[in-house]
Amino acid sequence: MVTRTSRRLLAVGASGLALSLALAGCSAGGDESTDGAVELSFLVDNSEALVETAGALADAFMEANDGITIEVETRPQGSDGDNVVKTRLATGDMADIFQYNSGALMQALSPDETLVDLSDEEWVDKLDPNFVSSVSTDNGMYGVPMGQSMAGAVLYNKDVYAELGLEIPTTWDEFIANAEAVKAAGDVAPIVQTYGDTWTSQLFVLGDFNNVTAADPDWAEAYTAGERKYVDEPAFAGFQHLQDAFDAGLFNEDFASATYADGVSMVATGAGAHYPMLTFAAGQLMTTDPDAADVVGAFALPGPDAETNGLTVWMPTNTTYIPRTTEGDKLEAAKKFMAFLMTPEACDIQSEANAPQGPYVIEGCSLPEDVPAMVADLQPYFDEGKTNLALEFLSPIKGPALEQIMVAVGSGITSAADGAAQYDEDVIKQAQQLGLEGW
Amino acid sequence: MSTATAPRRQTESPGAAPGGTARPPRRRKTHSPYPTWFHLPAGVFYVVLFLIPTIASFYFSLTRWTLFDVEFIGFDNYVRFFQEQQLIQSFVNTFVYAFLTSGAKVVLGLLLGVFLSSQIIGRGFLRSVVFFPVLVSTIGVGILFEVLLDPFDGPVNETLAIFGIEGPGWLTDPNLALFSVAMVDIWAGVGLATLIYIAGMVAIPQEYFEAAKMDGASAWHSFRHITLPLLQPATVTVVLLSLIGGLRRFDLIWTMTGGGPGFSSDVLASVVYKQYQAGFFGLSTAGNVVLFLVVAAIIFPLSWWLNRKADDR
């Protein structure tokens with residue numbers, strides 16, 4: 001009875017799966033039309049901002065290049081999207097061009113075997129060397145950036161700061177003092193957390209990396225070699241800060257269910273004072289609360305020392321790649337599109353389609369005058385050289401469970417010490433999967 | 001089987017006459033009513049889609065697999081899988097979830113089954129209403145309830161607030177999340193259990209009840225000594241189906257809590273899925289093999305025991 005029923009269910013499921021695979025195969029194959037025209041598929045994640053930018057870029061490119069059409073396809077964001085990308089790459093079923101993260105996440109795609117090497121293209125020298133290293137392996141350079149670099153910072157509401165007469169903090173203690181002042185003043189949530197979207201929980205650790213590097217310049221390299229751990233200072237501070245903030249009751253009431261969009265909107269409307277977040281939130285802000293463009297500022301996540309206070313910087317995470325399965329005419333057309341992305345014209349289209357989130361990493365590209373305040377606030381850090389790359393661009397190791405661990409620490413379920421120990425365990429799997437030495 | 005073969009032999013005998021001498025051995029071999037080639041399509045289907053993947057999964061569980069290349073590492077994946085920090089918690093959660101939903105479906109399904117097979121007004125309508133959630137996609141149910149159970153803007157807590165009750169964070173309280181999902185699972189799945197029980201009720205001959213009535217049995221006695229024992233096969237089916245379903249439940253938990261907050265509603269299947277998402281394909285395959293063995297280790301003895309009890313009578 002059991003076996004027969006479950007088998008039958010399995011058979012139904014399997015035939016459904018086979019059918020959907022067959023359908024996916026059809027749609028991904030695409031048809032090359034007879035008149036020499038090339039049709040490219042371009043896979044991007046389904047975030048509103050990115051879909052809009054990709055569409056605008058594709059339109060501008062098609063206008064300039066007769067005979068090439070680009071069709072923008074979408075996939076889910078987050079880990080579900082990672083899955084789609086990995087599976088489609090592994091089965092040779094990838095779109096002709098696709099967008100994915102740079103840094104550690106790209107390394108997990110086995111780029112040497114799956115992606116087209118672009119290191120011989122003539123435009124490569126126009127890229128920021130930090131970016132080049134975030135999309136390179138020992139054997140090749142694989143990606144072209146879309147969008148700008150950005151920072152992991154604390155977004156804050158300037159009106160709240162003005163009202164309470166607060167100064168921008170340069171140490172963690174000053175930051176907590178500010179948050180306590182906001183709490184004492186009443187209705188405004190001192191620090192916004194949004195665990196309805198678990199990935200947003202990671203900023204306390206990831207955005208703290210400038211302070212880690214300041215205390216120990218070789219940390220990233222030693223970490224990759226398995227010689228540094230998160231349970232030890234200076235890296236442990238990120239976990240500790242999150243626990244302290246929770247223990248002090250500084251979070252918004254609905255931190256457990258609020259989403260990323262809620263968080264951005266809270267800091268825009270003044271319902272929240274601080275929101276540790278990547279400055280790509282500028283895109284979200286300009287979509288939902290464009291009036292608050294000048295109200296939401298940003299400052300670097302403070303550490304123990306005001307001297308070394310600086311920004312943790314992310315290279316453009318939206319990077320375009322060409323998979324090896326793109327060949328012949330399509331490969332030529334795809335490379336043409338890549339070259340197009342490197343032009344100032346393409347940068348301007350991106351600035352227009354979406355609010356910039358930080359400086360461009362392409363030589364010759366500049367930001368427009370009227371960027372949101374949170375992006376303008378980053379410029380002084382860049383000008384003074386007070387920036388460091390985020391860990392994911394310096395080490396291929398990033399444990400997959402960080403977001404859940406941070407949610408548990410930030411909800412008071414796990415202690416900071418246990419959370420850091422769990423994360424150290426978690427990254428072992430990643431290091432072994434990547435075949436690194438010393439793990 | 002024996003009753004099925006007897007008439008077949010008779011009908012086949014004229015056509016098989018030429019090979020008459022070879023008949024006795026052949027008779028033993030061809031006890032199936034169909035020739036071998038008739039099984040071939042299903043056989044190929046079975047081998048390609050079930051047997052090969054199953055064997056391959058045992059192999060891949062012993063490797064470090066990036067989808068692009070494979071390295072044989074023996075039992076390391078299993079060692080690592082059992083070291084996974086949240087494994088104990090997820091095991092406990094899996095069993096709590098499976099037994100809770102299964103138990104509730106049996107009890108509620110039985111009660112609803114008895115109720116809906118009695119002579120009540122609008123019986124057909126009421127039956128469809130109970131069965132309706134089974135027809136809705138689980139993902140849809142999950143997303144719907146995630147909205148309904150939102151601690152601040154969700155209709156459930158807003159309704160409670162009207163009566164002055166402050167509703168809990170159904171899906172955000174680490175002690176409550178798993179049970180909230182289990183409740184939704186029971187709501188969505190009890191229709192199937194009810195249907196099976198209704199079918200079982202209909203199969204009980206009315207004479208038994210009439211005879212019991214003649215002997216002066218009360219309603220409770222009829223239920224306890226006629227309905228309940230004769231529903232044993234239905235109960236076996238409901239227990240097995242809901243227990244298997246509960247042990248490998250994933251879709252509802254994933255859409256409603258994603259295993260969270262933190263790891264507090266993680267079950268085996270969601271732990272495995274997260275490993276798969278992270279690209280640890282060998283490790284997650286090992287996890288699936290473990291899940292397979294756990295489900296088998298519970299279901300086979302249980303099925304044997306329940307069916308034996310049913311046969312005994």
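**Chain contact, domains and sheet of a predicted model**

For chain B, UniProt lists residues 91–302 as "domain: ABC transmembrane type-1", in an unreviewed entry. UniProt positions follow the numbering used here, feature names are shortened, and annotations may be inferred rather than shown by experiment. Over residues 91–302 of chain B, the chain is 75% helix and 0% strand. The end C-alpha atoms of this stretch are 19 Å apart. Helices (H or I, at least four residues) and strands (E, at least two) are DSSP runs, numbered from the N terminus.

The model is predicted: local features need pLDDT of at least 70, side-chain atom pairs count only at pLDDT 80 or more, and totals for chains, interfaces and linings use all residues. Residues are numbered from 1 along each chain as its sequence is written, and chains are lettered from A and ligands numbered from 1 in the order in which they are written.

The contact between the chains takes 31 residues from chain A and 32 residues from chain B. Residues are in contact if their C-beta atoms, placed from the backbone, lie within 7 Å. On the side of chain B that touches chain A, helices H3 (36–60), H12 (232–247), H14 (268–277) and H15 (281–312) of chain B each supply at least two residues. This side comprises 15 nonpolar, 13 polar and four charged residues. Ala, Val, Leu, Ile, Met, Phe, Trp, Tyr, Cys and Pro count as nonpolar; Asp, Glu, Lys and Arg as charged; the others, Gly among them, as polar.

Chain A is divided into domain 1 (34–148 + 316–353) and domain 2 (150–314 + 372–433). The bounds come from an automatic or database domain assignment. The centres of the two domains of chain A, taken over C-alpha atoms, are separated by 29 Å. Their contact takes ten residues from domain 1 and twelve residues from domain 2 of chain A.

In chain A, five strands form an open sheet of mixed pairing, ordered E2-E1-E3-E12-E6. Strands pair if DSSP finds at least two bridges between them. Strands E2 (68–75) and E6 (144–145) of chain A stand at the edges with a single partner strand each, so one side of each has no neighbour in the sheet. Strands E3 (residues 97–100) and E12 (residues 319–321) of chain A pair in the antiparallel sense over three bridges. A:Phe98 has A:Tyr321 as its bridge partner in E12(A).

A:Ile191 lies in strand E8 (residues 189–191) of chain A. The residues A:Ile191 touches, beyond four places away in sequence, are A:Ala179, A:Ala245, A:Leu250, A:Phe251 and A:His274.

Conventions
Two residues are in contact if their C-beta atoms, placed from the backbone, lie within 7 Å.
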